[in-house]
Structures are given as C-alpha cells and as structure tokens.
Amino acid sequence: MTLFQFYFAEFSAIYILLAWAVYLTFRINQLYLGPLYSMCLGAYFGAYAALNWGWPFWLIFIGAVGLSLLFSLIPSFRFARLGAFAIVIATMALLFMVQTVIRNWEALGGARGLFNIPHIPRQIWLGVTYGFVLIIGFCVYRLDHSHIGRAMDAVHFDRDVAATLGIDVSRLSIQLQLFSSVIGGIAGVLYVFTLGSVFPDAFGFFLLMYVITIVVFGGMYTMWGIIIASPVLWGVGQFLPAGLVGFSVIVFNVLLIGVLLIRPSGMINRKSVRAITNGCKDLLQRFTDFHK
Amino acid sequence: MQAFISQLICGIELGSIYAVVVIGYNLLVLVTSILHWGYAHLLVLSMYVAWLVFGVTNNSLALGVSAAIVFGIMASTAIAPLFLPFIRRGAHLEGFVISAGIASIIVEIQSHWINYGLAIAFPPALLMGDTTIRFGMSTISAGRLLTLFVSIILMLAFFYFLNRSKQGRMLRAVAQDSVVARILGISVPKMSILSFALSGLLAGITAICLAVALGTAGPSLGDQLAIKCLSVLILASVGNLKGGLVCAIILGVLDSMIMGYLPGDWANTSALLVIVGVLMFKPEGLFGAKN
C-alpha cells in the first residue's frame, strides 16, 4: 500500500466521521461546528500526550473523548436554545478562538505546531480508523432509525410543533451536540496519528467549508451520501490535472453553491436511498423467486 | 495615561472603519434576512479593482473611485440571483453557506491572481499625503477621521432613503413582512436585488474610505473585517443601525486595548469573545428585544 493510498483512505474516513458529526446536528437545523474544535482539541491532546507523557493511543482516545465532552458541555447548555444561524456563528467563533489560543501557547508549539508524533503501523491504524467508522456509522444509523431520529425529523420540520408533541428540544439538542463533539475528538486523534504532526492553521476556515461542503453535497438528510461525498471531494483535490490544482478551492465552492441551488437536499437524499433499497429488495426477490 | 488615550483614539479610528462596513451588512440583513458573509470580501475586491485602475490610469483618483463604486454595484447585483431561492424559502442558513462559498472564491482569486497574493498599497495622493491631526501628544490620521464622518453621513443618508423615499418604504415593508408586502403588490425579488445593488454601492464607497483609512489591503482583510463586523452585529442585535454604530466604536476600542496591552497575537480575540459571550448570555444583543 503506497503512502498516497494510505492518506486517501485515512483522510476519507476522518472526513466521513466529521461530516457525520455535523450531519447529526444539522438534522435539527443546527449547523454545529463543535466537532471541528473538538477535533482540534483532540489532535493537540493526542500530540501532547504522545510526545510528553508517552501515552498509548487507546488511552489518548479516552482522554480526547473526555476533553471534547468537557469543552462542549457548558456551551451546549446555552447553545441548545439558539436558532440555526446563531449556532454556526458561535461555534465558528469558538473554533477561531481555540486556534488563536493554541497559536499563542508556546508549550503547544505555537504557530509552528507539534511534530514527530510516533507513527503507528499503517495496517493497524487503518483497522482502527475503519473500526471507528463502522462503530460510529452503526450508532448514527441506529440513531436515525429510532424514536430519536423521528424526533429529530419532527424538530427539523417545526420546532414548536415538536415541543407540543412532547419532544424536549433543548435536551435533544444538547445530547446531539455532545455526541457530535465526541466524534470530532476521535477524528482529531485519528488525524494527528495519521499525519504525525499538527498545526493550528489546519483547523481554520478551510476545514469548516470543506466539511460543510461534504455534508451539503453528499446529502443533508441521510448519512449515506456522506460516505460517497467524502472520498469524491477528497479525490477532486488529488486527481485534478496539474494545471487545475490551483482551482481546487474554487471547484469546491462552485460545487457547494451549485448543489445548494440545483439540488438543495444533496446528491443523495432520502428518496434516492429509498429507491436504491427498494431496487435492491426487488432484485433479491426476483433472484429468490427465480431459484425457487 | 498617554498610552491609554492613544489606544482609545486608535480604537475609535478602528471602530469607525467597522461602523462603515456594518451599514452594508445591516441593509442586507434587514431586507433579505440573510447575513452576507461575503459582503466584506466584495468590499475588499472593490478596493483591489480601484487599485488595479489606479495602476492602469496613472493614479487617476476619479477613475479609481468610480471604478470601485461601479464594480461594487455590478458584482453585488450579479451575485444577488444566487440568493433569491433562499430568500423566497426563508432558508437563512443555506443563504449564509452560499455567501461563505462566495467569500472563499473571492479570497482564492485575491490570493492567487491579483498581485501574486501579496498585499496591495494605495497611491499616496489618495491617502491625503499622510495628513494627521494633533491631539495633545496623540495624532489622528485625517483619513480615519474622514472614515468616521463618512460612516455618520452614510448612515444619515441611509436613514433618509429608508424613511422618506418610496423605494425605502417598499424595502422596509419587505423587511417587516415579506408575505404581506407581496400581497400589497411589492415584488420581493426586485426589492432583494435592489438591496443587493444598494449594498454594492455602499461597498464601493466604503472601499474608498477603507483605502484612505488603511492605505493597504490583502487577501486576509475580508475575513478579518467579516468577523469583526459579525461581532458588531451580534453585539448590537442584527439589523439595528444606531446600535451598530455605537457597538462598532465599542469593539474598536476593545480591539485596540487588547492589541495594545496584551502580548502575543490576539488580533481577533475581542471579536470572537464578544460573539461567544453575547450568544451565550444575551442572544438578542445589547439593543435588541427578547422575542
């Protein structure tokens, strides 16, 4: 396996996790960017713990999860009641604040970042990463297809009507925000051990727009589109011909604007998922009927 | 004490810059309910256009200024149709995401194709030859004082337009209730495009003010202005014009105090702290009503 293939597989998985985290809260009309600053915190915690304390990576995961929960808990109490728009501004501000604090903190490497984080053998790390993708994917799937998922749909449709139906919107919002942040923290640790280094500028506006593009392009109301959108969008940056590489940011943004204008619910929406599942069921039915 | 007064004056100068830019944001938010993140970037692009025209026409002030204004109006009006579906649906979040996409495209253009991504400098003739006004031991640059006056004049002109003209009344009607405005025969898409065109005009004029006040511009100026103006808007309650002016000055002073007294690179911290603090504890802003 070449280094390029390893990075492609790893970063696709990391962005899938981040996009799922953002997707969960986006389902209730809150574009919560907590997973992004949790990713930053998780990555820096992982780097610092590995370099200075020699922690093994499984302990670092636990630490990163705890740190993400700690930093998301108090803001989430206040953010739960905010409208869609205010949350994206507030969490974007928190993301930039985390970036600024790290840039000024010499112990964390300042603007240069931290380097020489111990590498883990590629096969093991790919296994760990995709293990997390499967576990978290399973959790997101079960969440979507449970009474909580139906509550999320109700809140998305109309917050007040959902409240009259007995759904505690604030509590749902807090729970989803915390879960999102945990996923972000895990993605951060995966990121730092894949790359072997971390620097504050990686967690800025570009990451924000990139994750939002994946969610919007893949499909805002279903988890499956993100699995396809993440490698495709990562691939755009990698597989563009040499002359067009400078245009990759513009291509992303044009895709984002285009999808929002032409197909607002994303490339794969619920109707597509239902059509594909029904199509597969039909095929299976015909196959079993044929063999009877 | 002298240092404090100097920082205070510097803060008022900074605040006047934010005040002038915030007027455009407020106009768009009032009429279309969309916070146009890319407005500051469009403004900076107008500054770049003025710079390009200065370079080509041997520093002709009239041509440069009119180029900035014309470009502002044209670019803003060209972008307006992208937002119309979201204005119609009331999809403010998607509108914001689109404006962020446009902002990223503008920053990318500035970072790669104009002046090799380096900062641009405006001709000294525009900067009024570095005239400064002495104020005890401190000095205020004439350019920044001009910006403060222009922001007040623009606000007054804007108030007059909104309250005394027919188009202004129609804009206010759309801002208050777009459904009823439609029933009364006001075309909401036309008013939205008018508001974008007006904001483009404001962007062009503000671009010249900023060119005089700052003297330089770079690809990162759009992001910095956007985040500062966002914090002003949130502090003042989005859409509040008078509050915007007051809060811009407050934030400018806070900014300059932090830059003056805290070591390190804490450039945007005041704006970010204000945003998070206000949204966590008083989401309707200082001048807003709880709804």
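This is a predicted model: local features need pLDDT of at least 70, side-chain atom pairs count only at pLDDT 80 or more; totals for chains, interfaces and linings use all residues.

Trainee: How does the radius of gyration of chain A agree with that of a compact globule?

Mentor: The reference is set by the number of residues. For 292 residues, a compact globule would have a value near 19 Å, and chain A has 20 Å, so the two agree. Along the principal axes, the C-alpha atoms of chain A fill a box of roughly 65 × 50 × 40 Å.

Trainee: How many helices and strands does chain A have?

Mentor: There are 12 helices and zero strands in chain A.

Trainee: What part of the contacts in chain A with a separation of 6 or more joins residues 24 or more positions apart?

Mentor: Such pairs make up 81% of those contacts in chain A.

Trainee: Which elements of chain B give two or more residues to the side that touches chain A?

Mentor: Begin with the totals: 29 residues from chain B meet 30 residues from chain A. On the chain B side, the elements in question are helix 3 (61–89), helix 4 (92–112), helix 9 (221–236) and helix 11 (269–281). Helix 4 of chain B gives the largest share, 12 residues.

Trainee: What classes of residue make up that side of chain B?

Mentor: It has 18 nonpolar, seven polar and four charged residues.

Note on methods. Residues are numbered from 1 along each chain as its sequence is written. Chains are lettered from A and ligands numbered from 1 in the order in which they are written. Two residues are in contact if their C-beta atoms, placed from the backbone, lie within 7 Å. Helices (H or I, at least four residues) and strands (E, at least two) are DSSP runs, numbered from the N terminus. Ala, Val, Leu, Ile, Met, Phe, Trp, Tyr, Cys and Pro count as nonpolar, Asp, Glu, Lys and Arg as charged, and the others, Gly among them, as polar. The radius of gyration is taken over C-alpha atoms; the globule rule is 2.2 Å times the number of residues to the power 0.38.
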